[in-house]
Amino acid sequence: MPDSVVTRFAPSPTGFLHIGGARTALFNWLYARRFGGRMLLRIEDTDRERSTDAAIAAILDGLSWLGLDWDGDVVHQFARAARHREVAEQLLASGGAYRCYATAQELAEMREAARREGRPARYDGRWRDRDPSEAPAGLKPAIRLRAPQEGETVVEDAVQGRVVWQNKDLDDLVLLRSDGTPTYMLAVVVDDHDMGVTQIIRGDDHLTNAARQSQIYRALGWSIPAMAHVPLIHGPDGAKLSKRHGALGVDAYREMGYLPAALRNYLVRLGWSHGDQEIFSDKEMIAAFDLGSIGRSPARFDFAKLENLNGHYMRAADDAALVDALDRLMPALGPSRGLGAALDPELRRMLLASMPGLKERAKTLVELLDSAYYLYGPAPLVLDAKAESLLDAAARGRLAEVRADLAALADWTPQSLEAAVRGYAERAGIKLGQIAQPLRAAVTGRGTSPGLFDVMGILGRETCLRRMDERLLSAARSPVNAA
């Protein structure tokens, strides 16, 4: 273990921060925090056609929402192109690289010959030992690594174990293209070296890159960072993760109503284990995280597990914090529900008062907002199927009778409301549920809700009586009653 641990998260800004990238960032963050080190952030934006400012902003926003901070300034790989070229020239001067004048047509012919012969396409080294004076006039060369042709390249990986490649199977990769732009392989090595990275943690789709990058490190005489290549995330069916499984951006999970703490906890258990423990605080995660407990098999993404875990975090969350989290989601959720892009003060007050009951039943913030429909639904409330079934003719008759008792109450409190409804049930010779259930349906529009009398206390006298009247009036106007 080096004296100072430095990890890095290095996304390409060609789209959103997807769930696999978020897990990679989390693992790097945890490892750095575990050993008192630093996690750096590098935006690998050398693909100028696909990299966008919007994608960079989405990545930074996604990391911030997830609660993963980085140390120091964000490094942009493209801005370091001059340094990458300098290192390529250094390798050229030392004999560790050479100029290649192979034309695009020649390279295409090499690939076609490999395809016909059923072997991997590799550069054949035709300019490895030729004198540049033989080059066609006016042709700008690429610069290629003079890779070892015999022996082995070995990576001692903290997750994959000892991984060996035969050097005869690895060709001389391009370091600088003929237009002078550095390749990804060179840029990553130079940046990791210059940034002082000591531990690389990334997906195992980069494992072959590890061999090629190791060769560049050795050619430069630089020490190679320790490496850990983590298996990718698959869907519940074992297939490669796709959008139907959950391969979405972190922003989509935010809009689906997941809490950052729950998503962090879920992601850390995707491929890493610590005994049978499932629920971790950040402090516990940091103290326990190690690379040796990452499995070699792909983790399987399971929305049901994520929802259950999120439900746990919601029940444990501070009520005011949940209201604030809802407020931040209102630009995305509010308009489709007839609400604005922010909670108005009255709805905020009612949500806060209702939160102890609401959060016990919801697994996401979206579910929570929908289950609070009775707080903000426009008049008359739209009844769900169960509420509709509860308001038959007999129930409406009892509703009309109990309304008089409720309207006469001096104090509109949960205690006085419950006493009045119980008193009515006793006089009418019915069970409490025979009046409480229709009453719930009338004032909330739903067959289930948090405690009825708490809900009525929060809604207030005027709203509850008006909703009861709306139900009675709509029944009186129905075709059956009109007949």
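Q: At roughly what angle do the axes of helix α18 and helix α19 cross?
A: This is a predicted model, in which local features need pLDDT of at least 70 and side-chain atom pairs count only at pLDDT 80 or more, while totals for chains, interfaces and linings use all residues. Residues are numbered from 1 along each chain as its sequence is written, and side-chain values use heavy atoms, with hydrogens and water left out. Helices (H or I, at least four residues) and strands (E, at least two) are DSSP runs numbered from the N terminus, and axes are lines fitted to C-alpha atoms, for helices over the stretch in contact, with angles from 0 to 180 degrees between N-to-C directions. The axes of α18 (residues 432-444) and α19 (residues 452-459) come within 11 Å and cross at roughly 35°.

Q: Which residues of α19 make the contact with α18?
A: Contact means heavy atoms within 4.5 Å. On the α18 side it is made by A436, L439, R440, V443 and T444. The residues from α19 are L452, V455, M456 and L459.

Q: Which residue of β3 is the bridge partner of I43?
A: Strand β2 (residues 38-43) and β3 pair in the parallel sense over two bridges. The partner of I43 in β3 is H76.

Q: Which element gives the largest share of the lining of the largest pocket?
A: A pocket is an open set of points on a 1 Å grid over the protein atoms alone, with protein on both sides within 12 Å along at least five of seven lines, and lining residues have an atom within 4 Å of a point. The largest pocket is lined by 34 residues, of which H18, G20, G21, D205 and H206 lie nearest its centre. β1, α1 and β9 each give two or more residues to this lining. The largest share, six residues, comes from α1.

Definitions and conventions. Two strands pair if DSSP finds at least two bridges between them. On a 1 Å grid over the protein atoms alone, a cavity is a set of points where a 1.4 Å probe fits but cannot get out, and a pocket is an open set with protein on both sides within 12 Å along at least five of seven lines; lining residues have an atom within 4 Å of a point.
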